[in-house]
Amino acid sequence: MVAALVGAGIRRVEAARIKKKHYDPARGRLLAFGKGNKERSIPIGARWRPAFELWWSNGKHKPNDLLFPMTRRQVSYVVETFAA
């Protein structure tokens with residue numbers, strides 16, 4: 001999740017809404033839905049792509065599954081814990 005937040009520059013609410021189908025590995029872009037359910041296409045930095053590829057290649061996730069099944073507050077908690 002930290003790779004998603006840092007590598008793509010996504011917001012907490014966007015991280016909580018990411019589904020497997022939102023990542024395009026061929027283009028290295030993430031489709032994110034944030035405030036007001038607005039859609040934006042975000043390029044993933046080359047440094048962070050291996051982390052994305054690892055998550056998205058995981059066979060446990062179906063296309064409509066949330067990648068990080070968390071609330072915005074839980075995402076904040078993870079970031080605060082990681083940064084401490």
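Which residue in E3 does leucine 31 stand opposite? That's serine 41, and the views below show what's around this pair and elsewhere in the model.

This is a predicted model, where local features need pLDDT of at least 70, side-chain atom pairs count only at pLDDT 80 or more, and totals for chains, interfaces and linings use all residues. Residues are numbered from 1 along each chain as its sequence is written, and side-chain values use heavy atoms, with hydrogens and water left out.

**View 1. The open sheet.** Three strands line up in the order E1-E2-E3, with antiparallel pairing. Strands (E, at least two residues) and helices (H or I, at least four) are DSSP runs numbered from the N terminus; two strands pair if DSSP finds at least two bridges between them. E2 and E3 are joined by 5 bridges. E1 (23–24) and E3 (39–43) sit at the edges with a single partner strand each, so one side of each has no neighbour in the sheet.

**View 2. Glutamate 14 in helix H2**. At 1% relative accessibility, this glutamate counts as buried (under 20% relative accessible area; exposed is over 50%, partly exposed in between; 1.4 Å probe, protein chains only). Leaving aside neighbours within four places in sequence, glutamate 14 is in contact (heavy atoms within 4.5 Å) with Ala32, Phe33, Gly34 and Arg40.
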